[in-house]
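Me: I have a structure open and I'd like to go through it with you. Could you help me with a few questions?

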Amino acid sequence: MVGEKKKSSLSSAISHDLRAMILTGELGPGEVVIEAELAAKFNSSKTPVREALRQLTTEGLVTVLPKKGYLVRVMTQQDLTEVLDLRMLLEPHAAAECARFADAHTIQRLRQCIDRQEAAGHAQPLARTERARSFHLEIAHSARSARLISMLQRCHEDMVRAHHIIPQLRNHLGNPRELEEHEAIYRAIADGRGALAAQRMREHLRTIRCTMGVDLGAEALLWRE
């Protein structure tokens, strides 16, 4: 039993590290990863590595290459469109629920998220990405739905990955409108106005979609680097 727990813990740690490597672009889209090489990298046997890769397969981050290894999935414009569609369906509801349940502690945490995002400054787009994500996920957690949190966590991981491997997507994060819209969402939640919070979130997601569409243009259909 102790041995099984250790294997499970090691597998979880490896999947965590590999997920981070994929989301930050350290393992790029289209890159092949091999169990034996990863086992050597993590100083482990192949079993926990295999289990970690299976987990990442279920998350859609890698696909199996029979007799070769695993392929880090590419990101297409359709992938990004689907993620934004899901966010538009889920996050306005999350904002409304957050406004309904929010207490002083929740409001303080949201305030801190915005302050940290602003403190990152224009010269740190990836830091702003992570802090913007924290704001959105704090809203999701405060909506008190485990399924909603899980789905939005996946959506935002895809967005983080996109920002790392597609640099032009970071442009909107330096736009003052990004923080202004977060502020508007925050104020609606702090005032307990659920319908307004949902509306402000929809407006914010439309801005993100519009800005990303302009940044991507017609040429960015597939990203491998």
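Me: Which residues lie nearest the centre of the largest pocket?
Reply: In this predicted model, the residues nearest the centre of the largest pocket are Glu59, Arg73, Val83, Arg154 and Asp158, and the lining as a whole is made up of 16 residues.

Me: And which elements give two or more residues to that lining?
Reply: Those are helix H4, which runs over 77-101, and helix H7, which runs over 146-165. The largest share comes from H7, which supplies 6 residues.

Me: How many of the lining residues are nonpolar, polar or charged?
Reply: Sorted by class, the lining has 8 charged residues, 7 nonpolar ones and 1 polar one. The space inside the largest pocket comes to about 340 Å³.

Me: Back to H4, what does it reach from its first C-alpha to its last?
Reply: H4 has 25 residues and spans 35 Å between those two atoms, which is close to the 36 Å expected at 1.5 Å a residue.

Me: Where is the kink in H4?
Reply: The kink, of about 30°, is at Met88, shortly before the proline Pro92.

Me: New topic: what is phi of Asn43 near?
Reply: Phi of Asn43 is near 55°, which is a positive value in a residue other than glycine. Asn43 sits in the loop between helix H2 (35-42) and helix H3 (46-58), and with a relative accessible area of 73% it is exposed.

Me: And Lys67, where is that placed?
Reply: Lys67 is in the loop between strand S2 (62-65) and strand S3 (69-72). Its phi is also positive, near 65°.

Me: Is Lys67 buried or exposed?
Reply: Lys67 counts as exposed, because its relative accessibility is 91%, and the cut-off for exposed is over 50%.

Notes:
Residues numbered from 1 in each chain as written. Predicted model: local features only at pLDDT ≥ 70, side-chain atom pairs only at ≥ 80, totals over all residues. Heavy atoms only, no water. 1 Å grid on protein atoms, 1.4 Å probe; cavity = no way out; pocket = protein on both sides within 12 Å on 5 of 7 lines; lining within 4 Å. Points joined across faces, edges and corners; volume = space filled by probe spheres on them. Helix = DSSP H or I, 4+ residues; strand = E, 2+ residues; numbered from the N terminus. Nonpolar A, V, L, I, M, F, W, Y, C, P; charged D, E, K, R; others polar. Expected span 1.5 Å × (residues − 1). Bend = angle between axes of the 7 residues up to and from the residue. Buried < 20%, exposed > 50% of the residue type's maximum accessible area, 1.4 Å probe, protein only.
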